[in-house]
Amino acid sequence: MGIYLNPGNRGFWESIRSEIYVDKTNLIGCTNALLGTKEKYICVSRPRRFGKSMALEMLAAYYGRGCDSRELFAGLKIEAHESFPKYLNRYDVIYLNMQQFLIEAEQGKVTEYLEQEVLEELAEEYVDILQGRNMGLAGALRRIYAKKEKQFIFLIDEWDCVMRERQESEALQRQYLDFLRNLLKDQQYVALVYMTGILPVKKYGLHSALNMFREYSMTNQRNFEEYTGFTEEEVKALCGRFGMDFTETGSWYDGYKFKRYKHVYNPKSVVEAMSCREFSNYWTATETYEALKIYIEMDYDGLKWDIVQMLGGGCVSVNTRSFQNDMRNFRTKDDVLTLLIHLGYLAYDSGKEEAFIPNKEIVGEFENAMSVSGWPEIMRILKASDKLLQDTLDGDGDSVARGLDQAHTEAASILTYNDENSLACAIGLAYYSARKDYRLIRELPSGRGYADVVFLPLPSVNKPAIVVELKYDKTARAAIQQIKDRHYIQALEGYTGEILAVGINYDREDVNKHHSCVIERLEKQALPF
């Protein structure tokens, strides 16, 4: 067993012995299907603390020679897969943590140090082939394959750390990518490459230096969706085991959305919440909000409005295809938004090509970043949202209307009302503090249309649900009537509590009072479904 060559199964052994282990071993079935094919080059990019290293340790335990991992996988999902016995501990694995090499190497000599370290272990294992020969890593592996037809599986962690931590050194980045290309591309000794990082493969101009890789990223995880984070069923099981409320867990940590799996949860935060029996900001606490602050301060036209719109519960269109997959070269606001998707601060709906803030934990991080980023007008709206919510709960429509007028005045340069959708985003922002006790739902479908904004109380909160209907150049009373006529309250499936119907109208022609509000308190009832 070596450090880089066949590092053993200790890492995976520790994972399955942990208090919380969610079985993701069917990922091995996916990699087995790609092993030895033209699709054997896999680049998986996900946010930090989303289980990337754990997956590599699992693959090392499964494929690596020199250890017997059969008992470790006993009872896990992959054991029932037909390919399980075929490749178990059958390959030489080369495990490379690029972060380690970047830290330990002399300045600018990352690849030289990597070659030196790995060649030393290869020379010990294949002394009869490599003894007395002076060659690079690729040359040594070619010679081993020529003599013994031995293929290798490469597991590469933090592949993009050079791009993230040496942003200013483009020469080093190019040299590093050229090294990886020479080591991996079209080499007969490669059986499989599973490479992970936060960013997809770096682009240069029209081509990628590593264009043989199939990308599995936060904009398209392909058939790896269920391994990106925790699924809804997995979180339900954990909530039952630890006595935590599933709905509130979703409010805090759900929100990442893919084509097949519409609810993917932040695994780091879910594990911590279950272990501590408390909901809090766990994932965001692993990195200072300064990292987010840098990007939201970038002065691209429309970026500030997009962030405000998302804070209000809305979605924004984003073109993810122009992003150069680095943290330095930004040409448009779309590039910044795409980076935030890859970093996990935004979620992405690939069908609609829209970005949004996924959950309560991330909303709080945006607030922290904005509080020190020169957004005083937005911070005043957020701080005033406590009173706006209380006025709503008190049924004081006039005070609510005045509060919305003030919010609009505070941020007139940003909160531009063009239609009911932009009005809904502004209303969501004005009711920002409601997220402490409520789950905000935009366009909740009902039997006869969509309720514009719904605030559904969390199970631990004894407050009424709020159904908001918005009108533009009409009347607040017409909004209330629409809530009744279209039976929007029936969309609150399973809710058996008091409901406030809130009708809000914005009138461009009324120079004295732009907003009007009517609030009706409905009797507590068990809704028929």
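This note goes through a predicted model, from the whole chain down to single elements.

1. Overall make-up. The chain holds 21 helices and 17 strands. Its C-alpha trace spans about 90 × 50 × 35 Å along the principal axes.

2. Burial and surface. Of the 529 residues in the chain, 57% are buried. The accessible surface is about 22,800 Å², and carbon and sulfur atoms contribute 44% of that area.

3. Contact range. Taking contacts in the chain with a separation of 6 or more, 70% are between residues 24 or more positions apart.

4. Helices H2 and H3. Helix H2 covers residues 27–34 and helix H3 residues 52–63; their axes come within 11 Å and cross at roughly 65°. The crossing of H2 and H3 is right-handed. On the H2 side the contact is made by Leu27, Ile28, Thr31 and Asn32, and on the H3 side by Ala55, Met58, Leu59, Tyr62 and Tyr63. Sorted by type, the residues of this contact are seven nonpolar, two polar and no charged.

5. The sheet of S10, S12 and S11. Three strands form an open sheet with antiparallel pairing, in the order S10-S12-S11. S10 and S11 (347–349) are the edge strands; each has a single partner strand, so one side of each is left without a neighbour in the sheet. S10 is joined to S12 (residues 354–356) by two bridges, and the two strands run antiparallel. Within this pairing, valine 316 has alanine 355 of S12 as its bridge partner.

6. Phenylalanine 323. This residue lies in the loop between strand S10 (316–317) and helix H16 (333–343). Is phenylalanine 323 buried or exposed? Its relative accessibility is 1%, and buried means under 20%, so phenylalanine 323 counts as buried. Phenylalanine 323 is 257 residues from glycine 66 in sequence, and their C-alpha atoms are 42 Å apart in space.

7. Strands S14 and S15. Strand S14 runs over residues 449–457, and seven of its nine residues are buried, so the strand is largely enclosed by the rest of the structure. S14 pairs with strand S15 (residues 465–472) in the antiparallel sense, over three bridges. Valine 453 has valine 468 of S15 as its bridge partner.

Methods. Residues are numbered from 1 along each chain as its sequence is written. This is a predicted model: local features need pLDDT of at least 70, side-chain atom pairs count only at pLDDT 80 or more; totals for chains, interfaces and linings use all residues. Side-chain values use heavy atoms; hydrogens and water are left out. Axes are lines fitted to C-alpha atoms, for helices over the stretch in contact, and angles run from 0 to 180 degrees between N-to-C directions. Helices (H or I, at least four residues) and strands (E, at least two) are DSSP runs, numbered from the N terminus. A crossing is left-handed if the near helix is turned anticlockwise from the far one by less than a right angle, and right-handed if clockwise. Contact means heavy atoms within 4.5 Å. Ala, Val, Leu, Ile, Met, Phe, Trp, Tyr, Cys and Pro count as nonpolar, Asp, Glu, Lys and Arg as charged, and the others, Gly among them, as polar. Buried means under 20% relative accessible area, exposed over 50%, partly exposed in between (1.4 Å probe, protein chains only). Two strands pair if DSSP finds at least two bridges between them. Accessible areas come from the Shrake-Rupley method with a 1.4 Å probe; for residues, only the protein chains shown count as cover.
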